[in-house]
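Subject: Structure for you to look over, with notes

Dear colleague,

I am handing over the structure below, followed by notes on what was found in it. Please read them with the coordinates open beside you.

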Amino acid sequence: MNRPLDVLLHHMRISSNSHDEWEANFAQSILKQAKRKSWKPSQKQTAIMNRLVSESLNETELEVLEEY
């Protein structure tokens with residue numbers, strides 16, 4: 001799923017506090033780069049950001065819970 005850049009950046013703020021060191025460093029780097037007005041993420045950066053957001057929202061393991 002391709003999300004708008006502002007949504008991805010919002011989630012990068014959350015990911016920047018991750019317990020996973022690589023994820024936190026990546027998110028911090030993206031947020032730093034995003035401060036430049038001319039910055040646009042590469043395709044690879046966008047793909048990684050989308051993956052991190054999907055993982056954080058557990059979109060790969062959706063379950064339907066029904067109450068009776």
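Which residue just after H3 takes a positive phi? That residue is Asn-58, with a phi of about 55°.

Before the rest, a word on the basis of these notes. This is a predicted model, in which local features need pLDDT of at least 70 and side-chain atom pairs count only at pLDDT 80 or more, while totals for chains, interfaces and linings use all residues. Residues are numbered from 1 along each chain as its sequence is written, and side-chain values use heavy atoms, with hydrogens and water left out.

Overall arrangement

The protein chain has 3 helices and 0 strands, where helices (H or I, at least four residues) and strands (E, at least two) are DSSP runs numbered from the N terminus. Read from the N terminus on, the order of elements is α-α-α. Of the 68 residues in the protein chain, 31% are buried; here buried stands for under 20% relative accessible area, exposed for over 50%, and partly exposed for what lies in between, with a 1.4 Å probe and protein chains only. Among contacts (heavy atoms within 4.5 Å) between residues at least 6 apart in sequence, 51% join residues at least 24 apart.

Helix H1

In H1 the buried residues are Leu-8, Leu-9, His-11, Met-12 and Ser-15. Seen down the axis of H1, these residues fall within an arc of 165°, so they line one face of the helix; the arc is that of the directions from the helix axis to the C-beta atoms. The buried residues of H1 pack against H2 and H3. His-10, also found in H1, is partly exposed, with a relative accessible area of 43%, and its C-alpha atom is separated by 9.7 Å from that of Val-53, which lies 43 residues apart from it along the chain.

Helix H2

H2 covers residues 21–33, and its 13 residues reach 18 Å from the first C-alpha to the last, close to the 18 Å expected at 1.5 Å a residue, the expected span being 1.5 Å times one less than the number of residues. Asp-20 caps the N-terminal end of H2, with a side-chain oxygen 3.0 Å from the backbone nitrogen of Trp-22. The buried residues of H2 are Glu-23, Ala-24, Phe-26, Ala-27, Ile-30 and Leu-31. Viewed along the axis of H2, they too fall within an arc of 165°, so they line one face of the helix. What covers them includes helix H1 (5–15) and helix H3 (43–56), whereas the face of H2 turned away from the buried side carries the exposed residues Glu-21 and Lys-32.

Glu-23 counts as buried at 16% relative accessibility. Leaving aside neighbours within four places in sequence, Glu-23 is in contact with Ser-15, Ser-18 and Leu-52. The side chains of Glu-23 and Ser-15 are joined by a polar contact of 3.4 Å, a term that stands for a pair of N or O atoms within 3.5 Å, of which, within protein, one must be able to donate a hydrogen and the other to accept it, and for which residues adjacent in sequence count only if both atoms are side-chain atoms.

Helix H3

The end C-alpha atoms of H3 are 20 Å apart, which agrees with the 20 Å that its 14 residues should span at 1.5 Å a residue. Its buried residues, Gln-45, Ile-48, Met-49, Asn-50, Leu-52, Val-53 and Ser-54, pack against H1 and H2.

The structure holds 1 salt bridge, defined as a side-chain nitrogen of Lys or Arg within 4 Å of a carboxyl oxygen of Asp or Glu. The side chains of Arg-51 and Glu-55 meet in it, at 3.0 Å from N to O. These two residues are 4 residues apart in H3, and are therefore separated by about one helical turn. Arg-51 is partly exposed at 39% relative accessible area, and Glu-55 is partly exposed at 40%.

Nonpolar core

The largest nonpolar core has 12 residues in all, among them Leu-8, Phe-26, Ile-30, Trp-39 and Leu-52; such a core is a set of buried Ala, Val, Leu, Ile, Met, Phe, Trp, Tyr and Cys residues joined through side-chain atoms within 4.5 Å. The elements that give two or more residues to this core are H1, H2 and H3. Not counting residues up to four places away in sequence, Ile-30 touches Leu-9, Met-12, Trp-39, Gln-45 and Met-49.

With best regards
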